[in-house]
Amino acid sequence: MSHHTPSSAPPRHIRRIVLLGLSVLGLAGALFVVRRPLMMSAPRCMSGRWHGCYDTFNGVVLMTLVALPLSVLVVWALAHRRRAVGVASPWRMSLAEVGLVHGTVPFLWLTMMPGGSPGVAPRRVSLIPLRDLVTMGTGGIVGNLLVFAALGFFAPIRFPALASVTRVLALGAACSVLVEVAQYVLWLDRVSSVDDVLVNATGAALAALASRRWWRTGAQAPSDRPRPAPVPAG
């Protein structure tokens with residue numbers, strides 16, 4: 001008699017390797033697509049010039065990619081430090097902190113870039129919901145969805161108090177309101193629109209839903225406290 005045992009699921013480490021490989025392939029494909037505009041900004045960025053690098057979309061994207069190895073090194077250092085003192089989930093917490101900063105700061109930088117006539121063109125405010133969505137276009141909507149996506153993805157993982165889609169939505173809306181107010185006050189020749197707030201907050205909430213598997217399982221874990229040392233018997 002021959003017994004057929006059902007094939008078990010692949011080990012966890014194999015799935016992680018597959019996901020890592022797919023991530024590397026996706027990143028390589030994205031770099032291949034944007035290689036030409038990024039290389040146009042590379043000489044100015046590498047020479048430290050402000051104009052043509054830090055005040056352009058291509059330059060900011062290039063510097064974000066260049067800083068990626070440094071962010072990975074910071075994650076490793078934080079995780080090993082926490083692991084040495086017995087902090088629970090050191091890698092999860094460290095990755096969430098660095099990912100939140102690395103994924104949010106570049107988009108905030110882009111949103112705070114001035115328009116063509118800062119300080120000259122009249123300030124513009126749009127308070128009618130959904131009116132500006134048509135003029136945004138697909139690229140504008142996708143860009144606004146990504147502004148606080150890293151915040152929505154990593155904040156609930158790092159801070160158990162934010163482990164709620166509603167709270168992340170409110171956090172994204174509050175941060176977006178601050179950005180729109182700053183654009184108006186600094187007179188950056190950009191439109192302060194309520195639609196930007198709605199789309200930014202929606203992007204944060206969608207990102208929170210994407211990471212729900214991780215922040216719900218870690219919601220009960222202590223945030224940043226060392227594990228208590230075992231008491232010797234006797």
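Student: Which residues of α8 are buried?

Tutor: This is a predicted model, in which local features need pLDDT of at least 70 and side-chain atom pairs count only at pLDDT 80 or more, while totals for chains, interfaces and linings use all residues. Residues are numbered from 1 along each chain as its sequence is written, and side-chain values use heavy atoms, with hydrogens and water left out. Taking helices as DSSP runs of H or I with at least four residues, and strands as runs of E with at least two, numbered from the N terminus, and buried as under 20% relative accessible area with a 1.4 Å probe on protein chains only, the buried residues of α8 are Val168, Gly172, Ser176, Val179, Glu180 and Gln183. They lie on the same side of α8, because the arc they cover around the axis, taken from the directions to the C-beta atoms, is only 105 degrees.

Student: Which residues are exposed on the other side of α8?

Tutor: Exposed stands for over 50% relative accessible area, with partly exposed in between. On that other side of α8, the exposed residues are Thr166, Leu178 and Val185.

Student: How far apart are the end C-alpha atoms of helix α8?

Tutor: The expected span is 1.5 Å times one less than the number of residues. Helix α8 has 21 residues (165-185) and so should span 30 Å, which agrees with the distance between its end C-alpha atoms, 30 Å.
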